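Morning, everyone. I'll walk through one structure today, starting with an interface and ending with salt bridges. Have a look first.

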Amino acid sequence: MPHDLNYYLATLAVYFLVYCVLTLGLNITFGMAGIFDFSYITFMAIGAYFAGVAVLPPSNQPGLQWILGLNLGFPLDLLIGAAAAGVMGLLIGLLAIRRIRSDYLAMVLVAVWTIAWSVTSNMIGLFNGQQGLIGVPQPFETQLGVNPNDYVFVFIPIAAVVLAILFTVAYCIERSPFGRALRATREDQDVAAAFGKRTVRLRLTAMTIGCLYAGVAGALTIEFLSAMSPNAWAIVETVIIFSALIVGGRGNVFGAVLGALLVRIVIIEGTGLLPTLPDHPELIGATRNILIGLLVIAVLYFRPQGVIPERRRRYFEARKPAADTSQEVAKGG
Amino acid sequence: MELFLNSIGFGLVTASILALAAVGLTLQFGMTNYVNFAYGDFMTLGAYLTWTLNVGLGWPFWPALFVGALLMAIPVLFISQFVLEPFTRRSGPTFHILIVTFAVSLILSNLILAIWGGDFQNYNVGTDTPINLGPFILSVQQLGIIALAVTCMVAIHLLLTRTKLGKAMRAISDDKNLAAVTGIDTRRITTIVWVLSGMLAGLAGGVLALNVASFDPNVGVTFLFVIFAAVVFGGIGRPYGAMAGALVIGLVVEVSAVFIPSAYKLDVAFLVLMGVLLVRPAGLMSLFERG
Amino acid sequence: MAEPLLSVTEVVHAYGGVQAVNGCTFEVPEGVICGLIGPNGAGKTTLVDVVAGALHLQRGTVRYAGADVGGWSPDRLARAGLIRTFQLSREFRQLTVLENLLVAATGRIDESLAGALFRRRQIAVAERALVKEARGLLEIFGLDPLRNDLAVTLSGGQKRLLELARAVMAHPRLLLLDEPMAGINPALMGLLEAHIRRLNSQGITFLMVEHNLGVVDRMCEPVVVMAEGKALAVGSMADHRASDAVVTAYLGRGRPA
Ligand SMILES: Nc1ncnc2c1ncn2[C@@H]1O[C@H](COP(=O)(O)OP(=O)(O)O)[C@@H](O)[C@H]1O
Ligand SMILES: [Mg+2]
């Protein structure tokens, strides 16, 4: 029994760590750069599939068909998954980052998801169609020879290290002139351009970084679960990640982490603890999504900046308002 | 050749469903100037209300459809007045309202799932006899769908051109502020159009479910982006553009199924949608207009 | 001086069928505060947009600092020192007042992704200098106490000041101001006027669209009069008052002169 509980909590920890990667990535694309990437979950899937076919051997039988099959190990598969997602993100970005209204952009990007989903589901030879990739070897599985029930304790440090790196990167971006420029383009692209910002390049970079994050999250997902199929990346997943970020606080790395905690762990796992009605197995999933929907509406209404709002940074100021007398200089031209 | 002609027949049916849905969506956009991403779930709700009347209470299909569409007024009024309206009144960033419509979609689709369950359902319509009409073979029900769409389009045309309400709608769609200044009660008209939009969604959802024979809670959402394609093709916010877009997209989708695997036929619509939005967001119809 | 800093020749811009700018020609020598006046709808804002690259140059030429800049993007022009303000204030709403200024200092701090990750120390040094300069400017404009407030919370007049301070922070060579005095109270107007004169004396050239002819009279030389998309006359305000054509096109409409 204690082992079961430990196992359950450890699995939760993995889900949380992976979800943080997702919200942190979306925080750069949407939170900082303001790009409505409603195809976000697609890039998670691309990362997962490419990491999967990087690890798997070449497919050799009907019913188990996929491209590549490179037989590589961790962390190369993760890098390949992330790179594939990043490249796709860049290409879609080139297509989509135009000056069109955000709702039109949302339509284009949802259309991207739809096409990707339909192609993946229907072209069996790509990633094994509706059934998806299965039996993907886990990192260090063979080398360590751990009991499958204990594998989760191997994976936690892997996911934690990856998240630590990505969190640091996101943190640096948030506090950098680059991040400030992204936020300026989010507020007003015309004005940012009028002050010399290369807005298209900035937005493309933000889109690509976000997709890289999504790709890493996908790679981690398939490495942990050993499987990935189209059912795992329905469009509603994108809505839920957006909800998590908005609830936690967009534009703030800690907000992104808090959103992952509140939505992925508290709501999604919390509703999972509800008693199941035998005749209505779908009620739990429905309750969970209804709660998420209500929560995001409530947050947008009562606290639109999210629980942890974007940081209002003070530059080089002592905490106490110290007397500052050396400010006569005004350099004009 | 026979296949091709037949696909045109199906195309006309799809176009009819699309037209009902697209006009409802575009009229609402004209009033509020934002896209309602929950519209697909409005359609699903209409399909299930009709199902309850038809199968649950044993009504014939068509009366059930009309009453189901009328009932749509209640949830749509609630959503537009108590959920969306507070955000539009506050005029925060545009993405707020967009996210809210996505959240409404999440809530509505899962309420439908909770109430009606996730199983596939059918209407109780009895067996249907195919009829040969020149080159086309269509069922009586499909002819009914076409007749309904044509009737509704004519009614909408008359509404827009012959009534005070329609003229006010066009004025708001052209320039909301100007319309308000000239004494039009924009709030009231917008509310009426929400109801109209919800009813059209209800009709469209019902006939869509009828046409696909068996349906589940995803029926509306899978069709939503085909509707977007039709709406955008004709220029969003323009009812006549939506009608034309519905005709073109409906035909393109069904005819393309002759040449490519039919699993991809909806993707053709999405390609059109992306192409139009990226090349000419004002809609292809705007190429044919002056000024 | 060989060539004027800005020369606009036979520039045309039409919105659909509306010929907003219709063959406009004039020059702005370096070092002046050039006024641009004309009745509503004369095409002044459109011209500013075209010169700043925000609108496509449909016909004609725009030369700036010795180069033919027709077809340049707004960001490229900005990096070349051509900065503009907007007729309606457009601050970066969810950035602080100080950050609004820091953003404007394009090219003086590493804004790359690589820099964000690997050159943080150099960036901190550069940023310290920028903050010092920005706070100096804010101090002058009386906005320093508000530096950590979100720009969206400022009053209309404060936004006007911020707009100018931000433009100055970009180290412009030519600054296009679109109605900087619109909708602000007389006291603030005097303040803005003084700021603009001071900046001009520090070497910034101005092209200023303004409706308040009193202000234009005091500050601008030369003054370009635009009507129906064309530059009707160029000269001092005194010349214009003496010109029948200008008076009927504009001054005769009962505006205070
Ligand atoms: N975005 C636009 N679309 C269509 N017409 C416009 C647009 N902006 C301005 N105009 C028209 O162009 C003309 C010039 O406008 P503008 O440049 O704003 O003049 P000014 O700044 O001198 O008042 C006016 O007739 C105006 O109605
Ligand atoms: Mg103007």
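Start with the interface of chain A and chain C. Together these two chains bury about 4000 Å², 59% of it on carbon and sulfur atoms. Buried area here is the accessible area, with a 1.4 Å probe, that two parts lose on being put together, summed over both. A:Arg180, A:Phe195 and A:Phe316 supply 18% of what chain A buries against chain C, more than any other three residues.

Ground rules. This is a predicted model: local features need pLDDT of at least 70, side-chain atom pairs count only at pLDDT 80 or more, and totals for chains, interfaces and linings use all residues. Residues are numbered from 1 along each chain as its sequence is written, chains are lettered from A in the order in which they are written, and side-chain values use heavy atoms, with hydrogens and water left out.

Now contacts, meaning heavy atoms within 4.5 Å. 40 residues of chain A are in contact with 49 residues of chain C. Of the 2 pairs of chains in contact, A and C share the most contacts. Chains B and C have no contact; their closest C-alpha atoms lie 6 Å apart.

On to charge. A salt bridge is a side-chain nitrogen of Lys or Arg within 4 Å of a carboxyl oxygen of Asp or Glu. The A–C interface has 7. One of them pairs C:Glu111 with A:Lys197, closest N and O atoms 2.8 Å apart.

A:Glu317 lies in the segment after α13 of chain A and C:Arg147 in the loop between α5 (120–140) and α6 (156–169) of chain C, so the pair joins two chains. Helices here are DSSP runs (H or I, at least four residues), numbered from the N terminus. C:Arg147 counts as buried, at 15% relative accessibility. A:Glu317 is partly exposed, at 24%. The cut-offs: buried is under 20% relative accessible area, exposed over 50%, partly exposed in between, with a 1.4 Å probe and protein chains only. A:Glu317 also bridges to A:Arg314, at 3.7 Å. A:Arg314 is exposed, at 55%.

Last pair. A:Glu310 bridges to A:Arg183, with N and O 3.2 Å apart. They sit 127 residues apart in the chain, A:Arg183 being in helix α8. A:Glu310 is buried at 16%, and A:Arg183 is buried at 5%.
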